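Here's a quick tour of a few secondary-structure features. Have a look at the model first, then read on.

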Amino acid sequence: MRVATDIGGTFTDIVYIEADGRVRFNKSHTTPPNFEQGVVDVLKKCPLDPQDIQDLTHGTTVVINALTERKGAKTGLITTKGFRDILEIGRGNRPDLFNFNFRKPESFVPRYLRLEVEERMDYQGNELVPLKEDDVKKCLDIFRKEGVEAIAVVYLHSYVNAAHEIRTEELIAELWPEVEVTASYTVSKEWREYERSTTAVLNSYVKPTAKKYIDRLYGMLEKMEIRCPKYIMQSNGGTTTFEKAKELPINMVESGPVAGIFGAAMLGKMLGEDKIIAFDIGGTTAKCSLVDGGEVKTTTEYKIEKTGRFPGYPVRIPVVDIVEIGNGGGSIAWIDNTNSLRVGPQSAGALPGPVAYGKGGGEPTTTDANLVVGRLDKKNFDMEVDLDQVCAVIQEKIGTPYGLDAEEAAMGIIRVANSNMLNALKLVSVRKGYDPREFVLVAFGGGGPMHAASLARELNIKKVIIPLAASVFSAWGMMMTDLRSDDIQTYNARLLNPDYEAINGEWRKLEEKAYRDNAEKGVARENIYFVHYLDMRYIGQDHTVKVRVPNEDMNPQNLGTFIEAFHQEHELNYSFRLDDSGVEIVNLHLASFGRVEKVPIKTLEAKPYTLDEAVLEIRPVIFEGTGKIDTVVYAREKLSPGMQIAGPAIVEEVSASTVIEPGMRARIDDFGDIMIETGV
C-alpha cells in the first residue's frame, strides 16, 4: 500500500492505493500552527495497518508559510567584501514602472547582520584573494551576540569554485556546530549573484523551522509504527527523503501545488492525452500550469510573492512552472475604494473560514456564493450550515451596496472569481503562445470541478476531465512521482565549433554526482534515469530559454538537433527566431530520477445502481446566461463507467461538486473520471 498526505490551506488530504489498485481517500481540517497534527488526524481516520504501508509521501506548506508570514529564523549573511548590500540593491526589474509609491522588497536579513570577509575568486574560479579565516571568526562572534539562528554563506563566483565556501562551512562546524548553515554552492551553482544570494538566505531562513517540523512529523509517524520509507514532495515535481529535505528545505517551497500538476500529467498518460492545462482550486488559492507533450515544465525563474506590482524574491531552484493567484473557495469578496467588486487575495482560510462553516466567519467568500446559487448543498458540508446567515452576510456586504438581492450578489462574486481564474489560465496558455483549444482542462481541488466547465467554455476548450478523488488529487499525484534531484551548473560555451569533449565531460561529472546522491537515498544504479536540459540563448542576449535536449553526447552530426530545439523553444516563448544568429550554452541542467515502485491503478468496477438510482435530488441552480434552472444532482459514488449525463447537472461527492453546464454532456470513464464535453 502506498500512502500520500498533502497539507492545504483549509484541509489536509490523504490518498492511498491498496495492493489491488483500488484508490481510497479522506480529508481532515488543517491544524495551524501544528500542521503535523493534521497529518496524524487524517491518517487515524483511515483503516490503515502500518505494516502494510510500502511508503509514505508528504506535501507540506510549512516552507511557504514561514516565508510569507515572516516566521523563519533570525538569519545572518557572510559574503565577499564589497557585496554586503547585494540583497538591497537587487535588480532594477520594477514590474510597475509608473508606480511612484513603489517600495523595493525588504531584505530577510537586516543590514547589521550582513557581514563581509576578505576573499575573492574570479569568474573562472581562480583565487585572487585567499580566505581570511579570522574575518569568519569575527562574524561568528557578532552573530552569537545577536542571537542568530541560521547563517547563509555567499561568496562571489562560488558557483565555479566553492573552495572558500567549503572552508567557511568547516570553520562554522568547528566553532559553532549548533547553528544552521547554508552555503550557496549547495543550493545553486548558477551565475547571477543576487539570485544565488536570495536563494541561500531563504534556505537558511526556513531551515530551522523545516527541520523541527520534519523531525516532529517523523517522530509522530514512528510512534504510530509507520516505519516505511518516507518522502517529501519537492517543487521540481519529484520527491526526496526526509533527511535530504531538512538540508535544502527551499526545494519544498511549492511542495503541495506541484504534485497536482504532475498528477494531471500522469493522468493524461493513462488517458492518452498529452496536452493538458492543469487547474487546481483549493481553499485559499487557484493554481494552473500547462503540460505539453506530456512534459511538466520547470523553471528557475521562480519568485516568491511576485505580483503585478511587486517583483518578489527570486529563488534559483527548479520549480514547476505554475501560476498561482489568491482565488480559492475561502477567498473573501469585498468592495474596494473605487466601488468595484473584488474577490481575494484575502482568504478566510480554515479558521474562521467561510460564513457557511459557522466558525465565526463574517465575510462572504466564493464558497458562500456557490452555496447561495445552488451549486453547493448545505447537506454536503461536514458541519451544520445556516443558509439564512450566509444569505444575510452576502446581502449586507455585497448586495445592498449595489442594490442587488443575495442571489444576484452571489452570482456577481462568482463572475469576478471566474474572471480572475480565467486570467490565470490565459497566463499559462495564450500569453505563452499556446492555443487552449488544443488542450484538455484537468480540474481538481475542492473548487476546480465547480468552476472548470464555465472557464473551459470561455477558452473554447472542448474537453474537461474531473479526476476521481478530485478534491485530494494533489496527494494522488504524489504517488505517481519518482525521487528527483536537479543539478544545474553554469557552463558557458558557444555552439560554433564547440569543444564536444569538454561539454560531454561536464555531463559525465553531473551524472556521476547524481549516481552518488541517489546511492545515499538507497536507489540502485539501474533504477536511475536522466533528463538533460540546456539553458541557451542567442549570442548577445542576456536571459536564456530552457530547452530539453537529447540524452546523448553532442557531436558534429547531431549539433543541428540541439540548435534547432533552441530555435523552436525561443520562437514559442518570444514569437520569433534568428536562424542566422549564433547560439550559446549558459547552463547545463541534469534532472536525475530514482524510480519508485508504483501500484497500477485499477479500473472502476460497475456500481449496483442505475443512473436514475444515482440521483440525489433535483434542485434549482443559477447558471450564467440562463438564470435559475431545475438541475439533477447525482451522487458520484453511485456512478459507473459508461454512464452519460446531460447538463445542466451537478455531481456531488465528499468535499467537491462538479458542475455540468446547460448544453454540455458528461460520461464516466473506466477509471471513474468525469469527462465533460463542453460543446464549443
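Two strands count as paired if DSSP finds at least two bridges between them. Strands (E, at least two residues) and helices (H or I, at least four) are DSSP runs, numbered from the N terminus. This is a predicted model, where local features need pLDDT of at least 70, side-chain atom pairs count only at pLDDT 80 or more, and totals for chains, interfaces and linings use all residues. Residues are numbered from 1 along each chain as its sequence is written, and side-chain values use heavy atoms, with hydrogens and water left out.

With that settled, β29 and strand β30 (residues 627–635) run antiparallel, joined by eight bridges. Across that pairing, isoleucine 618 sits opposite valine 632 in β30. Both strands belong to an open, mixed sheet of four strands, ordered β29-β30-β32-β33. β29 (615–623) and β33 (656–660) are the edges: each has a single partner strand, so one side of each has no neighbour in the sheet.

## Helix α5

His164, Glu165, Thr168, Leu171 and Ile172 of α5 are buried, meaning under 20% relative accessible area (1.4 Å probe, protein chains only). They cover an arc of only 120° around the axis, which puts them on the same side of α5; the arc is taken from the directions from the helix axis to the C-beta atoms.

Key: Buried < 20%, exposed > 50% of the residue type's maximum accessible area, 1.4 Å probe, protein only.
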